[in-house]
Amino acid sequence: MDRDAPSVREQLLAGTDLATITLGALCRRCSAFLDGAGVDLRLEADDQVAVAEASDPETNRVAATQATLGQGPTIDALRRHRTVLTADVGADLRWPELGGALSGPGRGVVAVPLAIDGVQIGALTVLLGRSGTIDGVRVTRIMHLATVVTGIVLSLPIGGKLDDGLATTISTAVAGQAQIHQAAGVVSVHEACSLAEALLKLRAHAYASEQLLSEVARAVIDDGLRLR
Amino acid sequence: MSPDVGRPEPVASPDRERWLAQVLIELAATMVGDFDLSEVLTTVGERCVELLGAADVGVVLIDEAGGHRLVAASNEARHLSELTALQDVDGPCRDVARHGSALVNAVLSAERWPRFAPVARRHGYKTVHGFPLRHRDAVIGGLCVLDRSGRTITDETATAVQTLADIAAIAMLHHRAAERTSRQAEQLQQALSSRVAIEQAKGILSERLGIDVAEAFEMMRTHARSHNQKLAEVSAAVIAGSLGAHQLGSRADRSSTRPHRDE
């Protein structure tokens, strides 16, 4: 091993620091580290995705489709607390609905839970390039990356005050996910149901209308859409 | 491997290399997987007793205020805790921490340690050895070896014991780092789950009051400020239904600030 080579952590944080890096930028740096493969990062608490970002629109679409359908490698990695591999995410029998929603040529996916000492904080999902195949070296590299990313996320400065103490990295990414939780709040009042049920209703609506969960949430908040 | 506590004779020198190698393998095995700090430290204590044929060994942690605490011992005898506490005043571990180097074959004299030595002698000990638990230049604790036989130990043996003390120090530091990480993970989870709750509460309020989410957020923030509560607490109350829309829109809340959108 080359002792002078920068560590993975140093590579990911080169030219920036923990106080200013955004989760989106972290995704793009992970992507560069993996020779351009798509990278999605999501952090969750209480089984709800609080924060999500992707390195590029295509990866974001694959991740958002999984979130909408409630199935896919990332969902399985989060729920089962283990790494999930697939050679073709659109043709895998484990997630039948996903294939219909994702068009285009097959893409391999590696989804790794971000966890430390038994506490799971989220997942890192890698969408391999069109010519990319899954092999031991690549998976090892991704697992290592996940460990380093976990360390970075945990070392982000989180202040005691929630209004403004959350690190930039997380705050900027919250915005993308915020409307989904706001919409769940709206629907829970309108439908007189729990927040968990409200989220399911939003997801069902998204599925039926062939939209993404985030698009339906935007319609609820910005355009006054109400489900029935 | 079963502990062989209170072995009367020290490990003889021809066997020592092999014995030491076995102990190092044993300790390495306890430090991976389900890592149990007290198991590692107790094993260190027991193996020191075995190596030296000494009576008792205590692993002592020294806090930033200079307080001594027994974190593991070769046996459960109560007087070991007592002897450890005395070292807040004087004693071998205290000296070892101050000088940063080992203390071997020290006779328990009341002139040297007016508090520690008489009590140790009363329990039948004649000599004591102390080894620092080192972390870079700092000393985080000590390995305290108490002997009733008065037998002296060689430099070679002292080096072997220092190796065991170093392992104890590594184990303690590893444990501290792991504790810090899981605390960070919990803080992150808490911060994230509060974030989710705040967004949900915004949605709930906006639907109940027919206002937009920015106004709902401002209302919660104003209420939190005027009632000296955290935003996360206000959000939780909105979600639980214990904080109604009419309470949030009360005059007390409205008079403190006028709504502005800054999201």
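User: How many residues does the contact take from chain A and from chain B?
Analyst: The model is predicted. Both chains give residues to the contact. Chain B gives 26 residues and chain A gives 32 residues.

User: How much area do chain A and chain B bury between them?
Analyst: Carbon and sulfur atoms carry 70% of the buried area. The total for chain A and chain B is about 2,600 Å².

User: Which residues form the salt bridge across the interface of chain A and chain B?
Analyst: The rule finds one salt bridge across this interface.

User: Which element gives the most residues to the side of chain A that touches chain B?
Analyst: The elements of chain A that give two or more residues to this side are β1 (38-45), β2 (48-54), β5 (119-127), α6 (136-154) and α7 (168-190). With ten residues, the one that gives the most is α7(A).

User: Where in chain A does pLDDT stay under 50?
Analyst: The mean pLDDT of chain A is 87. In this chain, 93% of residues reach 70 or more. For the stretch under 50, the model has eight contacts beyond four places in sequence. That stretch is residues 160-164.

User: Why do the buried residues of α4(B) line one face of the helix?
Analyst: Helix α4 of chain B covers residues 92-99, and its buried residues are P92(B), C93(B), D95(B) and V96(B). Seen down the helix axis, the buried residues of α4(B) line one face because they fall within an arc of 160 degrees.

User: Which elements do the buried residues of α4(B) pack against?
Analyst: The partners belong to chain B. One of them is a helix, α5 (116-122). The buried residues of α4(B) also pack against β1 (56-62), β2 (68-73), β3 (103-107), β4 (127-135) and β5 (138-147).

User: Which residue follows α4(B)?
Analyst: Its phi is positive, near 75 degrees. The residue is G100(B).

User: Is H68(B) buried or exposed?
Analyst: H68(B) sits in strand β2 of chain B. Its relative accessibility is 9%, and the cut-off for buried is under 20%. Therefore H68(B) counts as buried.

User: Which residue has its backbone oxygen 3.5 Å from a polar atom of the side chain of H68(B)?
Analyst: Beyond four places in sequence, H68(B) touches V60(B), L61(B), I62(B), T84(B), Q87(B), D88(B), C93(B) and R94(B). Among them, C93(B) is also one of the buried residues of α4(B). The backbone oxygen at 3.5 Å belongs to Q87(B).

Key: Residues are numbered from 1 along each chain as its sequence is written. Chains are lettered from A and ligands numbered from 1 in the order in which they are written. This is a predicted model: local features need pLDDT of at least 70, side-chain atom pairs count only at pLDDT 80 or more; totals for chains, interfaces and linings use all residues. Side-chain values use heavy atoms; hydrogens and water are left out. Buried means under 20% relative accessible area, exposed over 50%, partly exposed in between (1.4 Å probe, protein chains only). Helices (H or I, at least four residues) and strands (E, at least two) are DSSP runs, numbered from the N terminus. The arc is that of the directions from the helix axis to the C-beta atoms. Contact means heavy atoms within 4.5 Å. pLDDT is the predictor's confidence in each residue, from 0 to 100. Buried area is the accessible area (1.4 Å probe) that two parts lose on being put together, summed over both. A salt bridge is a side-chain nitrogen of Lys or Arg within 4 Å of a carboxyl oxygen of Asp or Glu. A polar contact is a pair of N or O atoms within 3.5 Å; within protein, one must be able to donate a hydrogen and the other to accept it, and residues adjacent in sequence count only if both atoms are side-chain atoms.
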